[in-house]
Amino acid sequence: MLFNVYSITLLLFGLAAVFMSIFILRRSGEAVRQFTYISFGISIWSIAYAFELSSFNYENMLFWLRLEYIGVALLPAMWIQFIIKFIGKKQWLSTSKEILLYIIPTITFLLVWTNSHHHLYYTDIKID
C-alpha cells in the first residue's frame, strides 16, 4: 500500500470524523446521537476510500470498495432519521418505519457484495 495525497487527505478527514463522533456521542439528545451515527458513517466511507485508493492489489481494492458501501448505503437513511429527530417529529418514526428506511440500504449493500454474480453495479473493474 502506498498512500498518495488524495488517500492521505481522505484518511485524515475520516479520522477527524471518528474523533468528532466520539466527542459528540457524549452529548445528550436523540438528534445529536443520530448526527454521531452520520459522522461515523462518513468516516467509514472516507477511510475505506483512502485505503481503496492506496491499494495496488485488485482483491484489496474490491474489499475496500465493498466496505465503503457501509457508509454510502446507510447515510441517506441515517440522514432522514436525523432530520426527523432534529425537527422534533420523533413520533413519525415507529420501529416498523425505521426498519423500512433501512431496506433499500441493506439491499444496496448486499448487491454490491454479490456483484460478481450479477454485475448490476459494475460490469468490469480494472486497475488503470
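**Figure 1. Lining of the largest pocket in the predicted model.** The largest pocket is lined by 18 residues, and those nearest its centre are Glu52, Met61, Lys126, Ile127 and Asp128. The structure shown here and in the following views is a predicted model. Two elements, H2 and H3, each give two or more residues to the lining of this pocket. Helix H3 gives the most, with 4 residues. The volume of the largest pocket is about 340 Å³.

**Figure 2. Course of helix H3.** Helix H3 covers residues 58-86. With 29 residues, H3 reaches 42 Å from its first C-alpha to its last, close to the 42 Å expected at 1.5 Å a residue. Where does H3 bend? The bend, of about 40°, is at Leu75, and a proline, Pro76, follows within four residues. After H3 comes Gly88, whose phi is positive, near 80°.

**Figure 3. Asn57 at the start of H3.** Asn57 is placed in the loop between H2 and H3. A side-chain oxygen of Asn57 reaches to within 2.9 Å of the backbone nitrogen of Glu59, at the start of H3. Is Asn57 buried, partly exposed or exposed? Its relative accessibility is 34%, so Asn57 counts as partly exposed. Asn57 can also be located relative to Thr114: the two residues are 57 residues apart in sequence, and their C-alpha atoms are 19 Å apart in space.

**Figure 4. The salt bridge between Lys85 and Glu30.** The model contains 2 salt bridges. In one of them, Lys85 pairs with Glu30, and the closest N and O atoms are 3.8 Å apart. This pair links distant parts of the chain, with Lys85 in helix H3 and Glu30 in helix H2 (residues 30-54), 55 residues apart. Lys85 has a relative accessibility of 19% and therefore counts as buried, the limit for this class being under 20%. Glu30, at 32% relative accessibility, counts as partly exposed.

Figure 5. Lys90 counts as partly exposed because its relative accessibility is 46%. Which residues do salt bridges with shared partners join into one network? The network consists of Glu30, Lys85 and Lys90.

**Figure 6. His119 after helix H6.** His119 is found in the segment after helix H6 (115-118). The phi of His119 is near 60°, which is a positive value in a residue other than glycine. With a relative accessibility of 39%, His119 counts as partly exposed.

Key. Residues are numbered from 1 along each chain as its sequence is written. This is a predicted model: local features need pLDDT of at least 70, side-chain atom pairs count only at pLDDT 80 or more; totals for chains, interfaces and linings use all residues. Side-chain values use heavy atoms; hydrogens and water are left out. A salt bridge is a side-chain nitrogen of Lys or Arg within 4 Å of a carboxyl oxygen of Asp or Glu. Buried means under 20% relative accessible area, exposed over 50%, partly exposed in between (1.4 Å probe, protein chains only). The expected span of a helix is 1.5 Å times one less than its number of residues. The bend at a residue is the angle between axes fitted to the seven residues ending there and the seven starting there. A polar contact is a pair of N or O atoms within 3.5 Å; within protein, one must be able to donate a hydrogen and the other to accept it, and residues adjacent in sequence count only if both atoms are side-chain atoms. On a 1 Å grid over the protein atoms alone, a cavity is a set of points where a 1.4 Å probe fits but cannot get out, and a pocket is an open set with protein on both sides within 12 Å along at least five of seven lines; lining residues have an atom within 4 Å of a point. Grid points are joined across faces, edges and corners, and a volume is the space filled by probe spheres set on the points.
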